[in-house]
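Hi everyone, thanks for coming along.

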Amino acid sequence: MFRTTQAFIDRLESDGLKYKLLGKTHGGDEAVSLVFDGDEDAAELHLLCIFAQNGGSAALRILRAVQVAEGRHLDALIALQDCNARYRFVKFCFPGEDERSVQMEMDVLFLPEMRPELCADLCVKGMQLMLSICAEAVPELRQLLYGDDDNDDPHENFGHGLGDAAEHLDRDGPARHGPH
C-alpha cells in the first residue's frame, strides 16, 4: 500500500469514518471509497479518493451527484458551466460517455517533501470542501434542471445533510468556501 494511502486510511480511522479500500486501479493507482449518508430522505453520497502511484497527487471524485433526465442534457451543460464558473476548486462534469450523471472532481497535488500525514490532511480538507460545495450546488442544479413541480431526479434529496458530513470531517469547525 502507498504511504499516502495508508496515512489517509489512518486519518479516516482516527476520525471514526468508514471506508472501503478498493485496491489498485487498472493504471496502478490505489482507490479508497467513502459513503456518506444524508438525512433520512437523502440518497447516499459516494466519494472516491484515488492516490497516484507516483505519490504526487490524489483525485477526489463524487460520483452521480445529479442524474440528468432524458431531454435535459443541454440544460445540464449550461448549469454545469455556471457551477464551474462559481466554484473555483471543484469541477462539475459528465464522466466519460455517461451524459446522464453529473460527477464532481477535485485534484490534490502533493510536493515531494510532504509527509504522508500532511498529504492525508490535504485530502480530508479537499473532501470537506467538496462536501460543502455539493451541499450548496446540488440542490441548485436540481432546481435548474427540474424545478419544484417536475422533479424526475431519483436523488431528489441528495445533498441534505452533507453540510453535517463536511463539519464532521473538519476538526476546526465547518468547511468554508465560496465563489472565486
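Let me start with a question: is Asp107 buried or exposed? With a relative accessibility of 53%, Asp107 counts as exposed, since the label needs over 50% relative accessible area, while buried means under 20% and partly exposed lies in between (1.4 Å probe, protein chains only).

A quick note on what you're looking at: this is a predicted model, where local features need pLDDT of at least 70, side-chain atom pairs count only at pLDDT 80 or more, and totals for chains, interfaces and linings use all residues. Residues are numbered from 1 along each chain as its sequence is written, and side-chain values use heavy atoms, with hydrogens and water left out.

(Strands are DSSP runs of E, at least two residues, numbered from the N terminus.) Strand β4, residues 57-67, runs antiparallel to β6 and is joined to it by 8 bridges; strands pair if DSSP finds at least two bridges between them. There, Val66 stands opposite Val102. Strand β5, residues 91-93, is also antiparallel to β6, with 3 bridges, and Lys91 has Glu105 as its bridge partner.

On to charges. Asp107 forms a salt bridge with Arg61 at 3.3 Å, N to O, where the definition asks for a side-chain nitrogen of Lys or Arg within 4 Å of a carboxyl oxygen of Asp or Glu. Arg61 is buried, at 16% relative accessible area. A salt-bridge network links Arg61, Lys91, Glu105 and Asp107.

Definitions and conventions:
Helices (H or I, at least four residues) and strands (E, at least two) are DSSP runs, numbered from the N terminus.
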